[in-house]
Amino acid sequence: MYRRIRQASETLAAPLEIEDYVIQATLEASPPKWHLAHVSWFFETFLLSPFLKGYQVFHPDFRYIFNSYYDQISGGYFPRPQRGLLSRPTVAEVYRYRQYVDGHMEKLIRTVSDKDWPQVNDRLRIGVNHEQQHQELLLTDIKFNLAFNPLRPAYRSDLPASEPRNVPDTQWMPFDGGQATIGFSGDGFAFDNEVPGHKVTLGDYRLSSRPVTNAGYQEFIEDGGYGNPALWLADGWRIVRTEDWTAPLYWERRDGVWVTMTLGGPRPVAATEPVVHVSYYEADAYATWAGRRLPTEAEWENAAGTVPVKGNFVESGYLHPLPAAGEGELLQMYGDVWEWTQSAYLPYPGYAPPDGALGEYNGKFMCGQMVMRGGSCATPTDHIRPSYRNFFYPRDRWQFKGFRLAEDA
């Protein structure tokens, strides 16, 4: 598992030109070189240094440069907005760093004592899942960096486009209220923010059978949605006005046609694909315009438990949302687009962060952010599950973010 996931990161980076590794077009989007080094820093910091006897760090200053936000790690960390200003270490040295860490990690896995194995195993599973999170960030950050360039270069010009097809009409799938259990329980891996499993009380509700499409969202635009303050939360309306939002991120008009940036380069906006790269504010405004609302995360998870975990993930090779296919069931609950919920990112009842610096992984971000569910076209298939909680600030758009609607029954 370790080898497979580490190799997947390098496979995703392989199409990049050397110049692509260094740039950072916005403070949210780290340079690809930084992502590749940071995940190696994670293994070095939380596994090799404490558990491999005699381990020598690859470079003493990497502890500072490639720490992301762990305040309990001595020495602090380099400012996030300035990561793209570092030409050194070189890309070649970052790959040597990865090889160095990999060699020592394999030694640790082979030689760890029975006494240390439970803790090493727990941290190893966090580490590989952490790297999978950065694989998705790697793709979304590359997309933002390339979209910033007026040339609109493609990450991979060979990426397939979706086949034009009609999508099923939206159906409203009913779910009975009452007590439901959400959160992770049982065997297997989960992040600390998914536990403990607990009971919630739901009212009767209905969930739309598929996410909102580009065609549906374009109706909102053409009806003056971005110019109507009655539809918007106050913070959202302020951003719409100050940043001149008129459409989802990456949409632009060319000769009267909406075009969007993809990892395969600019393409016409496909009417039947799920709308993507919208903020929580835009999803909420659309829901208000449509006379509906966004689901809570408990409603989403309760519904998602009725369908298998399958969909358009990174392994599909499109790296872009596809039109829905099927009838009479919940569609695209997993993959394609992360789905905004109306739930604030808060701890579950009884949650306690782990001790030490690893407790900073999730716990300290449980304020001011909103929960997203389901994974996207850039998420590894084996990384997602019904209880997975992703979270972003409500203004964020650069991830593969879409939404579906809900209503009280």
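Asn-145 touches Ile-23, Gln-24, Ala-25, Ala-29, Ser-30 and Pro-32, leaving aside residues up to four places away in sequence; contact here means heavy atoms within 4.5 Å. Asn-145 belongs to helix H5, where helices (H or I, at least four residues) and strands (E, at least two) are DSSP runs numbered from the N terminus. With a relative accessibility of 4%, Asn-145 counts as buried. Buried means under 20% relative accessible area, exposed over 50%, and partly exposed in between, with a 1.4 Å probe and protein chains only. The side chain of Asn-145 also reaches the backbone oxygen of Ile-23 at 3.2 Å. That is a polar contact, a pair of N or O atoms within 3.5 Å; within protein, one must be able to donate a hydrogen and the other to accept it, and residues adjacent in sequence count only if both atoms are side-chain atoms.

The model is predicted: local features need pLDDT of at least 70, side-chain atom pairs count only at pLDDT 80 or more, and totals for chains, interfaces and linings use all residues. Residues are numbered from 1 along each chain as its sequence is written, and side-chain values use heavy atoms, with hydrogens and water left out.

**Pocket**

The largest pocket has a volume of about 880 Å³. A pocket is found on a 1 Å grid over the protein atoms alone, as an open set of points where a 1.4 Å probe fits, with protein on both sides within 12 Å along at least five of seven lines; lining residues have an atom within 4 Å of a point. Grid points are joined across faces, edges and corners, and the volume is the space filled by probe spheres set on the points.

The lining of the largest pocket has 37 residues, and Tyr-69, Arg-80, Leu-137, Phe-391 and Phe-392 lie nearest the centre. H5 gives the largest share of this lining, 6 residues. H2, H5 (117–148) and strand S10 (390–392) each supply at least two residues. By type, the lining divides into 16 nonpolar, 13 polar and 8 charged residues. Ala, Val, Leu, Ile, Met, Phe, Trp, Tyr, Cys and Pro count as nonpolar, Asp, Glu, Lys and Arg as charged, and the others, Gly among them, as polar.

Phe-391 and Phe-392 are also among the residues touched by Gln-369, together with Ala-344, Tyr-345 and Tyr-393, not counting residues up to four places away in sequence. Gln-369 sits in the loop between S8 and strand S9 (370–373) and is buried, at 4% relative accessibility. The side chain of Gln-369 reaches the backbone oxygen of Phe-365 at 3.4 Å. A polar atom of that side chain also lies 3.4 Å from the backbone nitrogen of Tyr-393.

**Nonpolar cores**

The largest nonpolar core has 112 residues, and those with the most contacts inside it are Tyr-217 and Phe-403. Such a core is a set of buried Ala, Val, Leu, Ile, Met, Phe, Trp, Tyr and Cys residues joined through side-chain atoms within 4.5 Å. Helix H2 (residues 32–51) supplies the largest share of this core, 10 residues. Another core, of 5 residues, lies apart from it and includes Tyr-345, Tyr-351, Met-366 and Phe-391.

Tyr-217 touches Val-212, Tyr-226, Pro-248, Val-275, Val-278, Glu-282, Tyr-286 and Phe-403, not counting residues up to four places away in sequence.

Helix H9 (residues 297–304) is mostly covered, with 7 of its 8 residues buried. These are Glu-297, Ala-298, Glu-299, Trp-300, Glu-301, Ala-303 and Ala-304. In the loop between helix H8 (280–289) and H9 lies Gly-291, which is exposed at 62% relative accessibility.

**Backbone geometry**

Most residues other than glycine have a negative phi, and most peptide bonds are trans. The table lists cases that depart from this.

| Site | Backbone value |
|---|---|
| Arg-88 and Pro-89 | cis peptide bond, omega about 5° |
| Val-195 and Pro-196 | cis peptide bond, omega about 0° |
| Leu-319 | positive phi, about 55° |
| Asp-336 | positive phi, about 65° |

Pro-89 is in the loop between helix H3 (62–65) and helix H4 (91–111). Pro-196 is in the loop between strand S2 (178–182) and strand S3 (198–202). Leu-319 lies in the loop between H9 and strand S8 (338–344), and Asp-336 is found in the loop between H9 and S8. Leu-319 is buried, with a relative accessible area of 5%, and Asp-336 is buried at 3% relative accessibility.
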